[in-house]
Amino acid sequence: MYKNIMVPVDLSHADQLEKAIATAAALGRLYGSRMSIVGVTSSAPGAVGHNPEEYASKLNAYAAEQSSKHGTAFEAVPMTSHDPGVDLDERLKQAAEELGADLVVMASHVPGFLDHFFSSRAGYLASHVGISVFVVR
């Protein structure tokens, strides 16, 4: 049913991703899907990496760790953005299109006051990409 599953991650919140990763892994095993963990970083130094190469190394290590833990092969797909705060939604949309994803599985956050005024990342993808988005809370 699903051939390519994309899992967007924010490595600065890796401790909150377990349920979404486990869900994606279970679906991937069930359908024999290609699994892609997508992370977007800035070209400027950040909390997860001093440069895009260091971030890519950490994303690859995270994907390898999750592959081993969940018994499925996750491919790391690092992406660079000049300003992730502004264009993260577009970069995730681009990744889904480039990967040929037919399902996005992503972690959610507990909605807060601002969520009534600004859409969520998952809400943006669900509205702007013609594929299914599975939001795991």
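**Ground rules**

I number residues from 1 along each chain as its sequence is written, and my side-chain values use heavy atoms, with hydrogens and water left out. Since I am working from a prediction, local features need pLDDT of at least 70 and side-chain atom pairs count only at pLDDT 80 or more, while totals for chains, interfaces and linings use all residues.

**Overall layout**

I looked up the element list first. I get four helices and five strands, taken as DSSP runs numbered from the N terminus (helices are H or I, at least four residues; strands are E, at least two). From the N terminus on, my list reads β-α-β-α-β-α-β-α-β.

I then checked burial, where buried means under 20% relative accessible area, exposed over 50% and partly exposed in between (1.4 Å probe, protein chains only). Of the 137 residues, 43% count as buried.

For contacts I used heavy atoms within 4.5 Å. Among contacts between residues at least 6 apart in sequence, 75% join residues at least 24 apart.

**The sheet**

In what order do the five strands sit in the sheet? I read an open sheet ordered β3-β2-β1-β4-β5, with parallel pairing; I call two strands paired if DSSP finds at least two bridges between them. β3 (74-81) and β5 (132-136) are the edge strands, each pairing on one side only. The twist from one strand to the next averages 25°. That angle, like the others here, runs from 0 to 180 degrees between N-to-C directions, with axes fitted to C-alpha atoms (for helices, over the stretch in contact).

I went through the bridges next. β1 and β2 run parallel and are joined by six bridges, and N4 has R34 in β2 as its bridge partner. β2 and β3, also parallel, share eight bridges, with T41 opposite T80 in β3.

I traced α1 (residues 18-31) across β1 (4-9), β2 (34-42), β3, β4 and β5, at about 155° to β4. α2 (residues 52-70) lies across β1, β2 and β3, at about 155° to β3.

**Helix against helix**

α1 and α2 pack at about 60° with axes 11 Å apart. That makes the pair oblique, given that under 35 degrees counts as roughly parallel, over 145 as roughly antiparallel, 65 to 115 as roughly perpendicular and the rest as oblique. Their crossing is right-handed, so the near helix is turned clockwise from the far one by less than a right angle, anticlockwise being left-handed.

I listed who meets whom: E18, I21, A22, A25 and R29 in α1 meet Y62, Q66, K69 and H70 in α2.
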